[in-house]
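Reader: I am new to reading structures, and I would like to be taken through one slowly. Could we look at it together?

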Amino acid sequence: MLQANTLAGERSGQRIFSDVSFSLQNGDLLHVSGSNGSGKTTLLRILAGLTLPAEGEVLWHQQGITANRDIYNENLLYIGHRHGMHSDLNALENLRLSCHQSCNRAKLFSALEEVGLGSHLKKPLRLLSQGQQRRIALARLLIESQPLWILDEPLAALDVIAVEWFSQHLAQHLQGGGMAVVTTHQEASFISHVSVTVDLN
Amino acid sequence: MSSHVGLLASWQRVLKRELLLAYRQRNDILTPLIFFIIVISLFPLGVGPEPEILRIIAPGVIWVAALLATLLSLSRLFNNELHDGTLEQLLLTPQPASVLIFAKITSHWLTTGLPLVLISPLLAISLDMSPIALGYTMVTLLLGTPILSLVGAVGAALTLGLRGGGVLLALLILPLYIPVLIFATGAIIATSNGYSAEGQLSLLAAYLILTLIFAPWVTSHALRVSLD
């Protein structure tokens, strides 16, 4: 269970949001909305433990996430604005490196096949388009099994087919008892699964 | 026991990735080495080809060039990772960040420090060093270049993402490099004058052990602050 108590966030010394509280149970999807600059990315980074909140605390099963970082990180899959892939490595290498659990070659192949990158396995990422790179980052959702996903603008640069694929996969994750925190500006069918909303405006 | 195996495995995993990346970016890797060779080769042209003078200045020239070559390579250590977001992912892995950082530093030494050690005999000969001084040059580089990578990682982490970080980095870590320079050149000069270099080498080894213990840990904390 993920719980946030009276979080406040700052950017370069300025308070951008305060008093954000929520709690996520298994199967919950949190949608963080707000205009540009309202602090969506800051909130997600605080939830992932990358940024310290100016006030408040984030708890994972009643324990502070910074004090129990290794336990929390085992349960967390974070894909940020920057997708966290090396541009000089190819899709297969990147995916294998970001896989912390047992990942055999067949599993990686089928994940890349499913996100539609089956024919670009050996190209370094810098030769692929933004959307293709984002798809490879999202392929991590298929090969790992962390209960908590924190995804910052996962739909950026994705085409309609990929958005639909993502929505379905997210729904499956939630049905299986997973949790997710997502920001997006786009219309997508997964919005119907949203159970908690935080509006930063 | 199993957790120790896990730590070693994750160290190896990051090291393999870093070496693969280094191979893909091999032009960047060669820059410090070529800089090292060029700087040292320019000295005989600049100060004249008298072997006596070259022999006297050789330890200092080689070591100052090694310091500057390492300094040149440090920005590469975390900068790309900062921009593509892989540094965030590194800090979000369940393994202790200091172990993964240590793997990155190891890779930095293997691709920057070790080549300097290996090429140094050739350059030592070009500066007319005696065989014993040449041997001690290699030994001090072998002990000293890991310190340069370890201390440099702390500096690179602290100045990550700052404007004008390069200058700040130099100001921050050159004072910490000076003991290495003094002990290393002291050891080479002592042996070429027929004295024992045991003292200087012990101090270098002590500095290496100290940085091995503390630098990865300090670097991981500095990175968390830089990414905040």
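This is a predicted model: local features need pLDDT of at least 70, side-chain atom pairs count only at pLDDT 80 or more; totals for chains, interfaces and linings use all residues.

Reader: Is Ile182(B) buried, partly exposed or exposed?

Author: Ile182(B) sits in helix α7, which covers residues 165-192 of chain B. Around Ile182(B) there are 14 other C-beta atoms within 10 Å. A residue needs 20 or more to be buried and 12 or fewer to be exposed, so Ile182(B) is partly exposed.

Reader: How do α7(B) and α8(B) run relative to each other, roughly parallel or roughly antiparallel?

Author: Two packed helices are described by the angle between their axes and the distance between the axes. For α7(B) and helix α8 (residues 198-227) of chain B, the axes are 8 Å apart and the angle is about 150 degrees. Angles over 145 degrees count as roughly antiparallel, and therefore α7(B) and α8(B) are roughly antiparallel.

Reader: How many charged residues are there in the contact of α7(B) with α8(B)?

Author: On the side of α7(B) the contact includes Pro179(B), Val180(B) and Phe183(B), while Leu201(B), Leu204(B) and Tyr207(B) are among those in α8(B). By class, this contact has 10 nonpolar and 2 polar residues, and the number of charged residues is none.

Reader: Which elements of chain B give two or more residues to the side that touches chain A?

Author: The contact between the chains takes 22 residues from chain A and 17 residues from chain B. The elements of chain B that give two or more residues to that side are α1 (2-24), α3 (51-84) and α4 (86-91).

Definitions and conventions: Residues are numbered from 1 along each chain as its sequence is written. Chains are lettered from A and ligands numbered from 1 in the order in which they are written. Helices (H or I, at least four residues) and strands (E, at least two) are DSSP runs, numbered from the N terminus. Two residues are in contact if their C-beta atoms, placed from the backbone, lie within 7 Å. Axes are lines fitted to C-alpha atoms, for helices over the stretch in contact, and angles run from 0 to 180 degrees between N-to-C directions. Angles under 35 degrees count as roughly parallel, over 145 as roughly antiparallel, 65 to 115 as roughly perpendicular and the rest as oblique. Ala, Val, Leu, Ile, Met, Phe, Trp, Tyr, Cys and Pro count as nonpolar, Asp, Glu, Lys and Arg as charged, and the others, Gly among them, as polar.
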